[in-house]
Amino acid sequence: TIGWNVLRDHADNFVSMPDYAAAKGMRVLGNPIGSDPRVISGESGAATMGFVTEVLQNKSLDWLRDQLRLDKSSRILCFSTEGDTDTENYRRIVWDGLYPSF
């Protein structure tokens, strides 16, 4: 609830998402395609990538993708604010499939 005051007073937009979105972001960052670098990120750090991935892949979120004006020419910058700060939980998510996205 403390963070709400900052969001209310300073953010134009914000998103709340389920745990599976952050977990998906962890998996995507840790298993890149092609020559993209591998990023080891915890849940908070990977939430932005999980959000973007979900918006771009989930057909039920087409309305949000359109509202955000995301398309093939978009450039998206995601910040990962943490690494593998909780090794045990990182492994439960990435290795064992906690919070599956399917």
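Where does Tyr 99 lie? Select Tyr 99 and you will find it in the segment after helix 5, where helices are DSSP runs of H or I with at least four residues, numbered from the N terminus. Tyr 99 has a positive phi of about 60° although it is not a glycine, and at 34% relative accessibility it counts as partly exposed (buried means under 20% relative accessible area, exposed over 50%, partly exposed in between, with a 1.4 Å probe and protein chains only).

This is a predicted model, in which local features need pLDDT of at least 70 and side-chain atom pairs count only at pLDDT 80 or more, while totals for chains, interfaces and linings use all residues. Residues are numbered from 1 along each chain as its sequence is written, and side-chain values use heavy atoms, leaving out hydrogens and water.

Next, select Arg 69 in the loop between helix 4 (62-67) and helix 5 (87-94); its phi is also positive, near 60°, and Arg 69 is exposed, with a relative accessible area of 70%.

Now turn to the salt bridges, of which the structure holds 4 (a side-chain nitrogen of Lys or Arg within 4 Å of a carboxyl oxygen of Asp or Glu). Select Asp 62 and Arg 65, whose side chains meet in a salt bridge at 2.5 Å, N to O; both lie in helix 4, 3 residues apart, about one turn of the helix. Finally, select Lys 24 and Glu 54, which form a salt bridge at 3.5 Å, N to O. This pair links distant parts of the chain, with Lys 24 in helix 2 (residues 19-30) and Glu 54 in helix 3 (residues 43-57), and both residues are buried.

Technical notes
Helices (H or I, at least four residues) and strands (E, at least two) are DSSP runs, numbered from the N terminus.
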